[in-house]
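Subject: The model, and what turned up in it

Hi there,

Here is the structure I promised to pass on.

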Amino acid sequence: MDKELIHAYCLKLRGTTHDYKLEWEADRYQVGGKMYAMIGGNATGKPVLTLKCEPQRAEELREAYESIIPGYYMNKTHWNSIYMDSDDVPLDLVEKLIEHSYDLVFGKLTKKAQQEVLLLEETM
């Protein structure tokens with residue numbers, strides 16, 4: 001899984017902002033000020049992509065893929081991490097999981113915040 005591909009894919013999603021959190025040594029992707037994806041490392045520095053996920057689906061993915069683990073340094077019920085150097089998780093699935101995470105976070109924004117994201121995109 002290529003970091004630049006993930007970066008470009010996240011930035012295509014409506015209203016996405018990106019920053020680098022120095023203390024975490026992680027790239028964060030947010031919509032409406034709420035994080036939906038993070039590229040960082042685990043305790044040993046192994047690169048991981050961390051995404052929000054519906055709890056039941058998160059469990060199913062962990063059982064199906066060795067490289068998908070409970071979210072590193074996140075709420076393990078609602079977040080999964082994917083080892084970026086693995087090859088058992090197809091890129092199209094990673095893209096679907098990024099969209100799923102985005103949709104979960106966007107859906108929890110206030111109606112006003114959702115409208116602001118939608119209006120921001122229309123003016124661009």
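Below are my notes on the salt bridges and the nonpolar cores.

First, some housekeeping. This is a predicted model, in which local features need pLDDT of at least 70, side-chain atom pairs count only at pLDDT 80 or more, and totals for chains, interfaces and linings use all residues. Residues are numbered from 1 along each chain as its sequence is written, and side-chain values use heavy atoms, with hydrogens and water left out.

Let me start with the charged pairs. Taking a salt bridge as a side-chain nitrogen of Lys or Arg within 4 Å of a carboxyl oxygen of Asp or Glu, the count is five. One of them joins Asp 27 to Lys 3, with 2.8 Å between the closest N and O atoms. Asp 27 sits in strand S2 (residues 26-31) and Lys 3 in helix H1 (residues 3-12), so this bridge ties together parts that are 24 residues apart in sequence. (Helices are DSSP runs of H or I with at least four residues, strands are runs of E with at least two, and both are numbered from the N terminus.)

How accessible are these partners? Buried means under 20% relative accessible area, exposed means over 50%, and partly exposed lies in between, using a 1.4 Å probe and protein chains only. Asp 27 is buried at 8%, while Lys 3 is partly exposed at 38%. Another bridge links Asp 19 and Arg 28 at 2.6 Å, N to O; here Asp 19 is partly exposed at 25% and Arg 28 is buried at 16%. Glu 23 and Lys 21 also pair up, at 3.2 Å between the closest N and O atoms. Glu 23 is exposed at 62%, and Lys 21 is partly exposed at 22%.

Now for the nonpolar side. A nonpolar core here is a set of buried Ala, Val, Leu, Ile, Met, Phe, Trp, Tyr and Cys residues joined through side-chain atoms within 4.5 Å. The largest one has 28 residues, and Ile 6, Val 31, Tyr 36, Leu 49 and Ile 98 touch the most other members. Elements giving two or more residues to this core include H1, S2, strand S3 (34-41) and helix H3 (91-108). H3 supplies the largest share, seven residues.

Which residues does Ile 98 touch? Counting contact as heavy atoms within 4.5 Å, and leaving out residues up to four places away in sequence, its partners include Ile 6, Tyr 9, Leu 49 and Leu 51. There is also a second, separate core of five residues, among them Ala 26, Met 35, Met 74 and Trp 79.

Best wishes
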